Structure formats: structure tokens, C-alpha cells
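Good morning, colleagues. Please look at the sequence and the model on the screen while I take you through a few of its features.

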Amino acid sequence: MNPVEIIVKKRDGKKLTKEEISFLIKSYVDGSLADYQMSAFAMAVYFNGLTDEETSILTFEMINSGETIDLSQISGLKIDKHSTGGVGDKTSMILAPLVASFGIPVPMMSGRGLGHTGGTLDKLESIPGFRVDLEVNEFKKILSEVGFAMMGQTKDICPADKKLYSLRDVTGTVASIPLICASIMGKKIAEGIDGLVLDVKTGSGAFIPEKSETIKLAQGLVRIGELAGKKTIALLTDMSQPLGNYVGNWLEIKECIEILQDGKGAKDLVDLTLALSGAMLLLGKKTDSISEGIELCRKKLESGEPFELFKKSVVAQGGDLSVIEKPDSYPKSKFEFDFVAEKDGFISEFNNYEIGMTAVNLGAGRMKVTDKIEPKAGMIFQKRVGSKVKKGEGIAKVFTELENSIEPAKLRLANSVVISEKQSQKSDLIQNLIDSEGIHEWNDFCK
Ligand code: URA
């Protein structure tokens, strides 16, 4: 087969065969297809899309490019949660121990920050000593002993995705629905799960901000999950402002510790974590409805029991327990400043992409693959959409080690907020539930 002909076929909007997709992926993994050819193919897909059939073929080619994890030795239904990515999105660290405390094994293969979004692995690595580069056997051991385990994608799981994902990150081809579907679902199916809850983000801080497109993404993810025999539920959730109050790797761990102690904290973060956990309990067959699951999870979170499990996982993965027990002992940032309101009024909108990019520039994310993350960098928000502000009042406290990032951050943040005279309506946190039966309004579905 000639790769150029396949690229041209997709460039011209034509449908590819299984053999053609398989050939491209195999030759990309074995190195015979050059990065520039794969980039051209990714861009052709970005503009022309893939049919449902092509997307499924691509997903299974991703899986078959490597190994799959066999978790059949661990009893119980294994349920995971995956988010399409956002700013301040830290639910994993709370819900994994929470759901595991009900006896549901939670195997989590997570990612690093991508573009303006944060990554669970980078957050966990802000705990001194915490290891996410586990071998599969160690991952399984921790999963069976602790009840949940969190690791990065190994070199043997979906190697095609690993290579393609880095290429997409630097070629402007991340925001493609079929490529995101194949990338996420390939890894999740290879992970050995029985069921999956997806947190599909919509709004200015999401990779796909437009709601109608987000729905298509959620439908695509659910369709592939079900095709692979995994019960899959997607929640469509708001990412038009940071989730919770803290943004930045260690700061986000700190916010999780606060909530894990007694279930109290930023309402949006707690509510979303409980909704996702409730859905995981349903898939794990511990409840008959999500609402029942939410109530069980609320009580459990308030009891502090999941925090004990979280601490156990920190020890199992090599992390320093003393900072978890005394978060205030964590080193302080060199520079700190206030992001203040430029006038009186109500915050009617944040540009959450700009907030995410500010965090990256402060040192909380990477601009190049080789960049080192500064775990202390980030922001603590004191105001949310709908908050009343006075000129000069703080909207967020900002932390960095990079003195030269301060002035650009002030400018970027000032442009990321809209202050209006009237209080406007804010977006619903959880908007829809999408499953194999269709699209449901969250409020109707989960009374
Ligand atoms: N997360 C993934 O794993 N893949 C994507 O393509 C986007 C987000």
C-alpha cells in the first residue's frame, strides 16, 4: 500500500478501509511511516472527520498496537472514570478512593497535562516520591491491596496512541472528535475495565468547547465503549470556569486532601465528584440508581474513610505521607500576587482556556514536552462566575517561581474575566447524561 494515496484519500474526504487504517497505524508504530506523513493524515482527519466505522477501526488498531491488561484475577467489576480534560479538574483523586471504599476496584491509567489542561499524573507527582511509572504487575498488586491504583500509560499499552498523541499535541490536531475518541477509548479498553464513566467537558476550558460538538464527542465515546462490551455512561459537564477553587498541581492535591477529610469544600467540585462516583457505583452494581449512589457516596465522603484509603495509596506508590497529613508543611512559592477586579460589578464570564494557559505559563504545565513542571505554581480562586466584586478586590491569589511570568500573567488574567453590571445566569454544572439509550437531561435523569 502507498501511504500517500491513503492520506490523499482522506484529504479528499473519502472513506478508508480497515486494511488502509491498519496499514497506517502499523507502519507508524514500526517507524516506516514518517511523523510528517502521520501529521498530514491527522490534519486530514481533523478537517474531514472519520465515519463511526472508521473511528471504531482506528480505536481497535490502537489497542492491537500493544498489550492489554488482564484484571480477571481481581474480583469484582472494575470501573474507571475518565475526563476529556480541563482546568482544576481533580475529581480522580477524590473519587478513586471513595468508589474503592465500596469494594469496587478502580484501575486508573491517567494522562499528563495537555495544552491548557492539567493532568492527573503531574498532580500526583507533586507529592514528593509518588511514582506513577508502575509496571503492570505492581499496578495489579496495588489495585488488589489498596482497591485503586493510578499509573501512566506504559510503553506497551496503545503505543500507537502514545506516539500519535504527542504528534497531535504539536500539530494542532488535538481537537478532533474521532481522534479523541480513538485515543481515550483505546487506552480505557486496553486497561481491562468492565465499565467506564466519562466526564465530557464543555465550555471555554474544554478541548471541544461547543456544546453540540461535545455531545457528538460523548456519543462517539459511549458508542465505542459499548461496542467493546464495556458499559459506558458519559456526563456532559461545565468547564467554563475552573473546577473547584484551586488550579495547579500541588494546590489541587491540597484541595482534594481538604475534601477527603470531611466531604466539605468547593460545591461544584464536591457535587461533580459525587455524581461521577454515583454513576460508578451504578456500573459497579452497588446501587440501582445514580441518585442512590450519590447519597451513599456523600455519607462515605463525610466519614473520612476514603481519606484513609488515599493515604494507603500514597504509601503504596512511594509518596511522602507527611505532606498529606500536614499539607501546610509543603514548601511555599517564591512569588505570590493578587489577580484583582478592574471595576465594580459581577463576574459574568471567565475565559477558562486563558486561565489554563496562564497556569501553564506560571510553570504548572508544559510548553514543550521536555519542560519541567513546577508543582507549587498555580492559583487559588476566591471568586466564581456570579460573584459580586469591587474594584481592586482579589479574584484569585497567584503563585509562581518564575519572576518573569508575573506581568504576562496579570495581563492574561485581566483579559480572562468579564465583569458586568448585572448578575448573569451561570451554566449548569452537570448538563446531560449520555448512554447507549440516548441523551438525557441531567435534572430529569437524576432527581
Ligand atoms: N485525552 C486523551 O487521552 N486523548 C485525547 O486525544 C485527548 C484527551
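Helices are DSSP runs of H or I with at least four residues, strands are runs of E with at least two, and both are numbered from the N terminus. The model is a predicted one, in which local features need pLDDT of at least 70, side-chain atom pairs count only at pLDDT 80 or more, and totals for chains, interfaces and linings use all residues. Residues are numbered from 1 along each chain as its sequence is written, and side-chain values use heavy atoms, with hydrogens and water left out.

Let me begin with N352, which is found in helix α16, residues 352-364. Is N352 buried or exposed? Its relative accessible area is 0%, so N352 is buried; that word means under 20% relative accessible area, with exposed being over 50% and partly exposed in between, for a 1.4 Å probe and protein chains only. A polar atom of the N352 side chain lies 2.9 Å from the backbone oxygen of M239. Apart from neighbours within four places in sequence, N352 is in contact (heavy atoms within 4.5 Å) with residues including V87, S204, G205 and M239.

On a 1 Å grid over the protein atoms alone, a cavity is a set of points where a 1.4 Å probe fits but cannot get out, while a pocket is an open set with protein on both sides within 12 Å along at least five of seven lines; lining residues have an atom within 4 Å of a point. Grid points are joined across faces, edges and corners, and a volume is the space filled by probe spheres set on the points.

The structure has two cavities of 30 Å³ or more. The largest cavity holds about 140 Å³ of space. It is lined by 20 residues, of which H116, T117, G118, A359 and A364 are the closest to its centre. Which helix gives the largest share of this lining? That helix is α16, with four residues.

Turning to the second largest pocket, its volume is about 410 Å³. Of its 18 lining residues, D238, Q241, K426, S427 and L429 are the closest to the centre. Both α12 (267-283) and β8 (345-350) supply at least two residues of that lining.

Finally, consider helix α9, residues 177-190. All 14 of its 14 residues are buried, so α9 is largely enclosed by the rest of the structure. Just after α9, G192 adopts a positive phi of about 85°.

Terms used. The expected span of a helix is 1.5 Å times one less than its number of residues. A polar contact is a pair of N or O atoms within 3.5 Å; within protein, one must be able to donate a hydrogen and the other to accept it, and residues adjacent in sequence count only if both atoms are side-chain atoms.
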